[in-house]
Amino acid sequence: MKLKVYADRMSQPSRAVIIFCKVNGIDYEEIKVHISKGQHLTPEFAEINPMKQLPAIADGRFKLFESHAILIYLACAFPGVADHWYPADVFKRSKIHSVLDWHHSNLRRGADRLLNSMILFSAPYVFNTTIAPILGRPLNPQAAAEAEIILSSSLSKLESFWLKGNGRFLLGGNQPSIADLSLVCELMQLEVLDEEDRTRLLGPHKKVQQWIENTRNATSPHFDEVHRVIMLAKERQQHQRLKAAKNEGGSNMKKPLVSRM
């Protein structure tokens, strides 16, 4: 029976699972669950994942949720997956686990908990600076400021510790692991930010920027295809910003001049 992947490509971990399947030639059926429509909250989906979060998989009668657990399962259960994704060497494998655990308690907290309590999407910063108005929710500058502190600290740790040595990937590796894919998909959510904000956050971290590009190249062409949804969201955000700026400029021009005499 074909593997079923329940996903919404606006979800960072969903994208990581889909890209992994594509890169490794795993035959799967993508079942789209639209978070914006609340489809992950239905009783039907709760039978797949009682936590009502994405992604989730069903491999025959076996069901699993949490993206890191899913990636580990796929790397172990499907033949032909290259060892570098999840090495058989217990020491290398344990190091990958340390990155994945760090991800959830650091980078993921700072990058975009999109849809807030509806789903643990990560990154409160993106949510509270960009996504909230799209969902009809108010901006929360204080939450954004707190999230930016966590995000900036996480990026610094990536730059100075996890991307150490001359390796092209995390932990000094020359080939990507499931940790690289998971964390890079997380950071790709920053694409929806205003270019000035994105440059301010990522600009100081040259190794992080190169690592993102290395991971994109290592998973090409699937990386760009799966992230197309983010690029479209970015285009919509840019259009809305330009429209808002134009309207604001027009309204300023129409303001009556007040005599200073």
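## Naming the parts

Helices (H or I, at least four residues) and strands (E, at least two) are DSSP runs, numbered from the N terminus. Leu171, for instance, is found in the loop between H7 and H8. The model described here is predicted.

## Two residues with positive phi

Leu171 has a phi near 65 degrees, a positive value in a residue other than glycine. Its relative accessible area is 28%, so Leu171 is partly exposed.

Glu66 also has a positive phi, near 80 degrees, and it is not a glycine either. Its place is the loop between strand E4 (62-65) and helix H3 (67-77). Is Glu66 buried or partly exposed? Its relative accessible area is 38%, so Glu66 counts as partly exposed.

## Two cis peptide bonds

Leu54 and Pro55 are joined by a cis peptide bond, with omega about 0 degrees. Pro55 sits in the loop between helix H2 (43-46) and strand E3 (56-59).

Ser220 and Pro221 are joined by a cis bond too; here omega is about 5 degrees. Pro221 lies in the loop between H10 and H11.

## Helix H9

Helix H9 covers residues 195-202. At its start, a side-chain oxygen of Asp194 comes within 2.9 Å of the backbone nitrogen of Glu196.

Which residues of H9 are buried? They are Arg198, Leu201 and Leu202. Look down the axis of H9: these buried residues fall within an arc of 80 degrees, so they line one face of the helix. An α-helix has 3.6 residues a turn, so residues three or four places apart point the same way.

## Helix H10

Helix H10 runs over residues 206-218 and has 13 residues. From its first C-alpha to its last it reaches 18 Å, close to the 18 Å expected at 1.5 Å a residue.

Its buried residues are Val208, Trp211, Ile212, Asn214, Thr215 and Arg216. What covers them? The cover includes helix H7 (141-162), H8, H9 and helix H11 (222-226).

## Salt bridges across the chain

How many salt bridges does the structure hold? It holds 13. One of them joins the side chains of Arg108 and Glu186, at 2.6 Å from N to O. This pair links distant parts of the chain: Arg108 is in helix H5 (residues 107-111), Glu186 is in helix H8 (residues 178-187), and they are 78 residues apart. Arg108 has 7% relative accessibility, so it counts as buried. Glu186 has 0%, so it is buried as well.

Another salt bridge pairs Glu191 with Lys234, with the closest N and O atoms 3.0 Å apart. Glu191 lies in the loop between H8 and H9, and Lys234 lies in helix H12 (residues 228-254), so the pair ties together parts that are 43 residues apart in sequence. Why does Glu191 count as buried? Because its relative accessible area is 7%, and the cut-off for buried is under 20%. Lys234, at 15% relative accessibility, counts as buried too.

## A partly exposed pair and a network

Glu235 and Arg228 also meet in a salt bridge, at 3.7 Å from N to O. Glu235 has 41% relative accessibility, so it counts as partly exposed. Arg228, at 42%, is partly exposed as well.

Salt bridges can share partners. In this way Arg9, Lys22, Glu30 and Glu225 are joined into one network.

Definitions and conventions
Residues are numbered from 1 along each chain as its sequence is written. This is a predicted model: local features need pLDDT of at least 70, side-chain atom pairs count only at pLDDT 80 or more; totals for chains, interfaces and linings use all residues. Side-chain values use heavy atoms; hydrogens and water are left out. Buried means under 20% relative accessible area, exposed over 50%, partly exposed in between (1.4 Å probe, protein chains only). The arc is that of the directions from the helix axis to the C-beta atoms. A polar contact is a pair of N or O atoms within 3.5 Å; within protein, one must be able to donate a hydrogen and the other to accept it, and residues adjacent in sequence count only if both atoms are side-chain atoms. A salt bridge is a side-chain nitrogen of Lys or Arg within 4 Å of a carboxyl oxygen of Asp or Glu. The expected span of a helix is 1.5 Å times one less than its number of residues. Contact means heavy atoms within 4.5 Å.
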